[in-house]
Amino acid sequence: MEEADKLIEQGLLYDFYGGLLTKHQQKIYEEAVYENLSLSEIADLEQISRQAVSDLLHRTTTALQHYEAQLGLIRRFEQIRQLTAQLRDLASQELAPDRIRAGILQAADQIEQELR
C-alpha cells in the first residue's frame, strides 16, 4: 500500500472510530498521523519511552482496524457513496425514462441493503 493510501485509510479509520479510543490514544494517534511527528518527538512531548509510543500506536491501529472489521461502517459508507454517484450519473444521462427508473430502483434497493 502506498504511503498516501495508508494515510487516507488511517484518517478514515480515525474519523469513524476515533471517538471509541481513550483521550490518550486519540492524542498520540493525532500527533503521529495528523501532525506527522516521529516516535521520538511524541515520546519527548508525552514524557514516555519511544517503545511505549510505538506499542500504543500499534495497539490503537489494530483496535481501529478491528472496529472496521466488526462494524464495517467505512465499507458501507463507500458503497453508499458509489451508489449516489451512480444515481447522479443516471440523472445526467439522456436515457429512456424506463431505463432511468430501473437504474434508480436498483440503486435504491442496494442502498436499502447497505442500511440493514
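Is glutamate 78 buried, partly exposed or exposed, and what is its relative accessible area?

Mentor: The model is a predicted one, and within it glutamate 78 is partly exposed, with a relative accessible area of 23%. That value lies above the limit of 20% under which a residue counts as buried. The side chain of glutamate 78 takes part in a salt bridge with arginine 81, in which the closest N and O atoms are 2.8 Å apart. Both residues belong to helix H5 and are separated by three residues, about one turn of the helix. Arginine 81 is likewise partly exposed, at 46% relative accessible area.

Arginine 75 forms a salt bridge with glutamate 114, with 3.2 Å between the closest N and O atoms. This pair links distant parts of the chain, since glutamate 114 is in helix H6 (residues 97-115), 39 residues from arginine 75. Glutamate 114 counts as buried, because its relative accessibility is 14%.

Together with Phe16, Leu20, Leu71 and Phe77, Leu73 makes a nonpolar surface patch of about 420 Å².

The count of salt bridges comes to three. One of them joins glutamate 46 and lysine 27, at 3.3 Å from N to O. Glutamate 46 lies in helix H3 and lysine 27 in helix H2, so this pair ties together parts that are 19 residues apart in sequence.

Technical notes:
Residues are numbered from 1 along each chain as its sequence is written. This is a predicted model: local features need pLDDT of at least 70, side-chain atom pairs count only at pLDDT 80 or more; totals for chains, interfaces and linings use all residues. Side-chain values use heavy atoms; hydrogens and water are left out. Patches are made of residues with over 30% relative accessible area and no salt bridge: like charges are joined within 9 Å, nonpolar side chains (Val, Leu, Ile, Met, Phe, Trp, Tyr) within 5 Å. Accessible areas come from the Shrake-Rupley method with a 1.4 Å probe; for residues, only the protein chains shown count as cover. A salt bridge is a side-chain nitrogen of Lys or Arg within 4 Å of a carboxyl oxygen of Asp or Glu. Helices (H or I, at least four residues) and strands (E, at least two) are DSSP runs, numbered from the N terminus. Buried means under 20% relative accessible area, exposed over 50%, partly exposed in between (1.4 Å probe, protein chains only).
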